[in-house]
Structures are given as structure tokens and as C-alpha cells.
Amino acid sequence: MTRVLGASLLLLILVACVPEPPQSVLPTLPAVLDITPAPTLDIDATATAFALIALPSPTPAALYTIQPGDTLSDLALRFNTTIDELSVANGITDPNALQPGQTLIIPSLLRTPVTEGAVPLLTPTPTLSTP
């Protein structure tokens with residue numbers, strides 16, 4: 001009996017807490033998505049054009065794991081590359097912060113894929129003509 005009385009009291013309290021619906025429906029503004037294309041001088045600068053450019057990806061043969069005592073200058077000499085190329089390829093800002101076990105991409109060991117019938121992307125140069 002007390003359970004029924006408690007449930008009835010709880011229901012009465014919940015019903016009293018429900019707000020009254022508004023007298024009129026207020027209009028809402030529509031969502032406006034305004035997309036402005038970025039200006040570019042290069043007519044071929046599209047995602048499709050850049051996707052057609054074949055970029056070499058690191059293979060296990062082009063990766064090197066840093067050993068204790070390795071330096072970028074030693075690695076550059078060993079792999080016939082430069083410290084700058086190693087730094088850029090691996091996002092290294094401090095050449096003295098190499099950690100044993102760190103994996104580096106060796107740019108001189110990357111194979112550049114050869115694509116058959118590949119046509120280099122050329123940017124058209126506007127010319128002025130006079131009649």
C-alpha cells in the first residue's frame with residue numbers, strides 16, 4: 001500500500017513540474033551554411049590534381065632505427081644524404097635530440113615510383129594579346 005501511495009505521490013510531483021506549452025510557436029531561423037571558395041591563381045590546384053602526383057612512401061628498406069651513439073651527420077655520411085634532408089624528411093628540429101630506438105626515414109633510400117604515361121602537371125601561363 002505504501003508503495004502505491006509513494007508512486008502516486010511521485011507521479012503527482014512529476015506532473016506538477018511539467019512546464020506549460022507556449023501559447024504560440026515561435027519561428028526559428030534556418031541554418032545558413034555559407035561556403036566561399038578560396039581564390040587560387042593556379043587553375044590546376046585541385047585535390048584531384050595533387051592526388052595524381054605520385055609521392056614516394058617509406059618502405060622498410062628506407063627506414064633506419066637509431067642506435068646509441070648515432071648522429072645525424074654520421075647517418076648523412078653513411079646514407080649519402082645531407083643533415084638537412086634527414087631533418088626535413090623526419091620533422092627533426094633539434095639534431096641533438098635523437099633517441100635510440102627512434103625510426104628515421106632515409107630520403108636517399110626512397111624509391112621514386114615510375115608511373116607509365118605520367119604527364120607532368122603544367123600551370124598555364126596567361127598571355128596578353130593585342131589586336
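Reader: Where does Thr81 lie?

Author: This is a predicted model. In it, Thr81 sits in the loop between helix H3 (72-78) and helix H4 (83-90).

Reader: Is Thr81 buried or exposed?

Author: Buried: its relative accessible area is 12%, and the cut-off for buried is under 20%.

Reader: What does Thr81 touch, leaving out residues up to four places away in sequence?

Author: Ala76, Leu86, Pro107 and Ser108.

Reader: And which side chain makes a polar contact with the side chain of Thr81?

Author: That of Glu85, at 2.4 Å.

Reader: Asn80 is in that loop between H3 and H4 too. What about its phi?

Author: The phi of Asn80 is positive, about 55 degrees, although Asn80 is not a glycine. Most residues other than glycine have a negative phi.

Reader: Buried or exposed, that Asn80?

Author: Exposed, with 70% relative accessibility.

Reader: Switching to charges. How many salt bridges does the structure hold?

Author: One. Arg78 pairs with Asp70, and their closest N and O atoms are 3.8 Å apart.

Reader: How accessible are Arg78 and Asp70?

Author: Arg78 is partly exposed at 49% relative accessibility, whereas Asp70 is buried at 15%.

Reader: Last topic, H1. How many of its 16 residues are buried?

Author: Zero, so H1 lies largely in the open.

Reader: What span should helix H1 have?

Author: For residues 2-17, at 1.5 Å a residue, H1 should span 22 Å. The end C-alpha atoms of H1 are 23 Å apart, which agrees.

Terms used. Residues are numbered from 1 along each chain as its sequence is written. This is a predicted model: local features need pLDDT of at least 70, side-chain atom pairs count only at pLDDT 80 or more; totals for chains, interfaces and linings use all residues. Side-chain values use heavy atoms; hydrogens and water are left out. Helices (H or I, at least four residues) and strands (E, at least two) are DSSP runs, numbered from the N terminus. Buried means under 20% relative accessible area, exposed over 50%, partly exposed in between (1.4 Å probe, protein chains only). A polar contact is a pair of N or O atoms within 3.5 Å; within protein, one must be able to donate a hydrogen and the other to accept it, and residues adjacent in sequence count only if both atoms are side-chain atoms. Contact means heavy atoms within 4.5 Å. The expected span of a helix is 1.5 Å times one less than its number of residues. A salt bridge is a side-chain nitrogen of Lys or Arg within 4 Å of a carboxyl oxygen of Asp or Glu.
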